[in-house]
Each structure stands twice: as C-alpha cells, then as structure tokens.
Amino acid sequence: MVNRIHYFSGLILSVFIAFHLANQLFSLFGAEAHIELMTLLRTVYRHIVVETVLLFAVAFQVATGIRLSFKKGKKSIVERVQLYSGLYLSLFLIVHVTAVMYGRQLQLDTNFYFAAAGMNIYPATFIFIPYYFFAVVAVTLHLASLHYLKTKSAKVSYSIAIIGITVSILMITGYTDAFNWRTIPVEYENFIKGVLPTKPRVHFLPGP
Ligand code: HEM
C-alpha cells in the first residue's frame, strides 16, 4: 500500500517536475525568458485544484518515502542510491516548498530572483548552489535507480543519470550567468539576508 501511494504521488510530482525543470533551464536565456515561461506555467499549477493536488502529492511522497526508508534487509548499491537520493529529495522538498510558501506569505513574488538570490549572493552561494545542484541530481539518480531496478537496463539508467547531471550543471550556469553573478533586486537580497548571514555590501557615496 505504502509502495503504491509512493509510486502514484511520484507520478504526479514527475509531471510537475518535468515542466518545473524545463522552466529552470530557461534561466540560460535570462531572467525575463524564465519569468515569462513561469507566468505561463503558473496559470496551470497555481490553479487552486492543481496546487492542492500537487502539495498533497509532495506530502504523501515525503511521508511514504521516509516510511519506505525504514524497510530492513541488505541493500544492493542501486537500492542504496535510490534510498539516499530519496532521503535528500525529501529534505529538499520540505525546505524548498516551505521557503516558497513563506516567501509568498511575505508578499514576495517567488519568481526567478527568489531562487537566484541564494545562488548569487556571497556567501549564501556556498549553500544554495550545492542545494539546488544536488536536488536535480537526486531527482535523476532516484529515477535512474528505479529504472534499473525495474528493467535491469544499465545503459538507459546511466543515460538518465548523465542527462540529469548535465541539466543540473546547465541550470546553475543559467542562474549564475555562468558564474559572472547576477544582480539581485533588493527585496530578494533582504530575504536571503534574513535567512542567512551575508557579507554587508559597501556602498560608496558619490564624492562632493
Ligand atoms: C534548480 C532547481 C530548482 C529551482 C531553481 C527551483 C525554483 C523554484 C521556484 C522559484 C519556485 C516558486 C514557483 C512559483 O512561485 O510559481 C518553486 C516552487 C516549487 N518547486 Fe522548485 N526549484 C528547483 C527544483 C525543484 C525540484 C527538484 C523539485 C521537486 C523535487 C521542486 C519542487 C517544487 C515545488 C513542489 C514547488 C511549489 C509549487 C507551487 O505550489 O507553487 N523544485 N521552485
């Protein structure tokens, strides 16, 4: 039963994640392109019914995933990859969705800059770049290991993992403007400063 719920909530989440990650990849074309696509996608996933189903899927996925991780017995390497990528995803989903809901509560538009702030403001970068990078890697390792356990096809499973890692690198490249760092609007900078200590910026006043 727990297995079945995990599988079905995973299916619902996968549809959202596919569009969501495609949206994140649009960061390669700049903030405006990303926001334009997000505005379009929001007309679907911000619909009260769709969003309620999505948030329930997140809750079921995390709860059943944690329950499944307590299953005893010797695990193969692939099963361990599935377990640890799933545990990271559970933690990520709890933190990520809570942060988005909290941002929305503060009347912040949780758009491109909401995620970009953490990745571009020093020293928060050291936390947020690995945090997002490993989230996307974990999604693909979780899928790749599941595929291997179901089909025993190592070739396809490795391909899924390699594509995922490449996509993750491209997203970080897009979000950070290839590590040239993006300028972040002040309201998002303040949000990150409220969450994590950041180095204060020195503002020079114009001379006389
Ligand atoms: C580079 C990686 C990611 C970035 C930059 C990112 C960024 C964002 C942003 C900015 C939002 C707010 C969307 C909005 O206001 O419309 C959001 C929402 C969300 N993200 Fe992500 N995300 C990433 C990866 C993921 C992954 C891997 C998952 C799932 C495993 C995920 C699940 C969600 C969920 C469930 C929401 C809430 C949607 C809603 O109800 O409004 N995200 N993300």
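This is a predicted model: local features need pLDDT of at least 70, side-chain atom pairs count only at pLDDT 80 or more; totals for chains, interfaces and linings use all residues.

**Entry 1: the overall fold**

I began with the secondary structure and found eight helices and zero strands in the protein chain. Reading from the N terminus, I wrote the order down as α-α-α-α-α-α-α-α.

Which helix has the highest confidence, and which the lowest? Helix α2 (residues 31-45) is highest at 98, while helix α8 (residues 186-195) is lowest, at a mean of 90.

**Entry 2: size and packing**

Next I looked up the dimensions. The C-alpha trace of the protein chain spans about 75 × 35 × 30 Å along its principal axes. I also checked the radius of gyration, which is 19 Å; a compact globule of 208 residues would have one near 17 Å, so the two agree.

How much of the chain is buried? I noted that 40% of the 208 residues count as buried. For contacts with a separation of 6 or more, I found that 76% are between residues 24 or more positions apart.

**Entry 3: surface and charge**

Then I looked up the charged side chains: 17 are positive and 8 are negative. The centres of these two sets lie 20 Å apart.

**Entry 4: backbone details in the loops**

Which two residues does a cis peptide bond join? They are Y122 and P123, and omega there is about 0 degrees. I placed P123 in the loop between α5 (112-120) and α6 (125-151).

I then looked up positive phi values in residues other than glycine. Q107 has a phi near 65 degrees and is not a glycine. Q107 sits in the loop between α4 (77-105) and α5. Is Q107 buried or exposed? Its relative accessibility is 71%, and exposed means over 50%, so Q107 counts as exposed.

A178 went on the list as well, being a residue other than glycine with a phi near 55 degrees. I found A178 in the loop between α7 (154-175) and α8. Its relative accessible area is 41%, so A178 is partly exposed.

F112 is buried, with a relative accessible area of 0%. What does F112 contact, leaving aside neighbours within four places in sequence? I listed S27, A31, H34, I35, Y175 and R182. I also compared positions: F112 and L28 are 84 residues apart in sequence, and their C-alpha atoms are 12 Å apart in space.

F114 lies in helix α5 too. Its relative accessibility is 10%; since buried means under 20%, F114 counts as buried. Not counting residues up to four places away in sequence, F114 touches A99, V100, G103, L108, D109, Y188 and F191. From F114 to G30 I noted 84 residues in sequence and 14 Å in space, C-alpha to C-alpha.

My next stop was S168, in helix α7. Buried or exposed? With 1% relative accessibility, S168 counts as buried. Apart from neighbours within four places in sequence, S168 is in contact with Y132, F133, V136 and V137.

Residues up to four places away in sequence aside, V97 touches L55 and V58. I also looked up how far V97 is from S157: they are 60 residues apart along the chain, and their C-alpha atoms are separated by 28 Å.

**Entry 5: what I am keeping in mind**

The chain has eight helices and zero strands. The cis peptide bond is the one joining Y122 and P123.

Notes:
Residues are numbered from 1 along each chain as its sequence is written. Side-chain values use heavy atoms; hydrogens and water are left out. Helices (H or I, at least four residues) and strands (E, at least two) are DSSP runs, numbered from the N terminus. The radius of gyration is taken over C-alpha atoms; the globule rule is 2.2 Å times the number of residues to the power 0.38. Buried means under 20% relative accessible area, exposed over 50%, partly exposed in between (1.4 Å probe, protein chains only). Contact means heavy atoms within 4.5 Å. Lys and Arg count as positive and Asp and Glu as negative; His and the chain ends are not counted. The place of a charge is taken as NZ of Lys, CZ of Arg, CG of Asp or CD of Glu. pLDDT is the predictor's confidence in each residue, from 0 to 100.
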